[in-house]
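Hi there,

Here is the model I promised to pass on.

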Amino acid sequence: LGVFETSDPDRSRGQTVSARDLLDRGSERIARELSGVADLWGEMLGVIGSLYLQLGVFDRARSHLEESLALRRANGAPPATLVASLSSLAAVHDEQGRPDDAEALLREALVIARTGSDLRSAEAGVLSDLAAVHRSRGKFDQSEADARFCAEVLGAEMLIPSDTVSQGTTEAELRDVRYRITEGHGLRATG
């Protein structure tokens, strides 16, 4: 909580302090205090990078997330952690108009996510992110394919009542089910 010391009116002396100012100061302080503890430093860089991403400060987000990912790789972070790091960094690239880089990072995350059955929700999240990148690039067929895989990974039975799809379900009903599945994840479904 020392990161937020400047929000104390006695310390800020009446000056307006923005969230970015607090984050910049906190980042500097954490760098001084944690840079020798690689695993904790990698985690904090990821948190700070994600906060910069949320604030729309993409260059700082990218540098923090890249360093976090490098530290996490070097220290053998668990697969779920690597998937999250790659996905966050991909979001920065996508926001900065580099969808090819975003897609490459997400594809790497997908390979890692598919290494374990305990990473199914991470895999679905990556597929959802890939669908969004493809949709933003106008690759609607690929976006739909990603959405279908996402729905398969999550399991349609988790998203809709099991009695909605039966052996006698018509093609129109299946399209409606597919639409509801993908719409619930912010994805585009077609025909």
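H3 and H4 cross in a left-handed way, meaning that the near helix is turned anticlockwise from the far one by less than a right angle. The model is predicted, so local features need pLDDT of at least 70 and side-chain atom pairs count only at pLDDT 80 or more, while totals for chains, interfaces and linings use all residues. Residues are numbered from 1 along each chain as its sequence is written, and side-chain values use heavy atoms, without hydrogens and water.

H3 covers residues 38-55 and H4 residues 58-74; their axes lie 8 Å apart at an angle of about 155 degrees. (Axes are lines fitted to C-alpha atoms over the stretch in contact, with angles from 0 to 180 degrees between N-to-C directions.) That makes the pair roughly antiparallel, the term for angles over 145 degrees.

On the H3 side the contact (heavy atoms within 4.5 Å) includes Trp41, Leu45, Ile48 and Tyr52; on the H4 side, Phe58, Leu65 and Leu71 are among the residues involved.

As for the whole protein, there are ten helices and zero strands, taken as DSSP runs (helices H or I, at least four residues; strands E, at least two) and numbered from the N terminus. Buried residues, those under 20% relative accessible area with a 1.4 Å probe and protein chains only, make up 38% of the 191 residues. Among contacts with a separation of 6 or more, 50% join residues 24 or more positions apart.

Enjoy exploring it!

Best wishes

Key: Parallel < 35°, antiparallel > 145°, perpendicular 65-115°, else oblique. Buried < 20%, exposed > 50% of the residue type's maximum accessible area, 1.4 Å probe, protein only.
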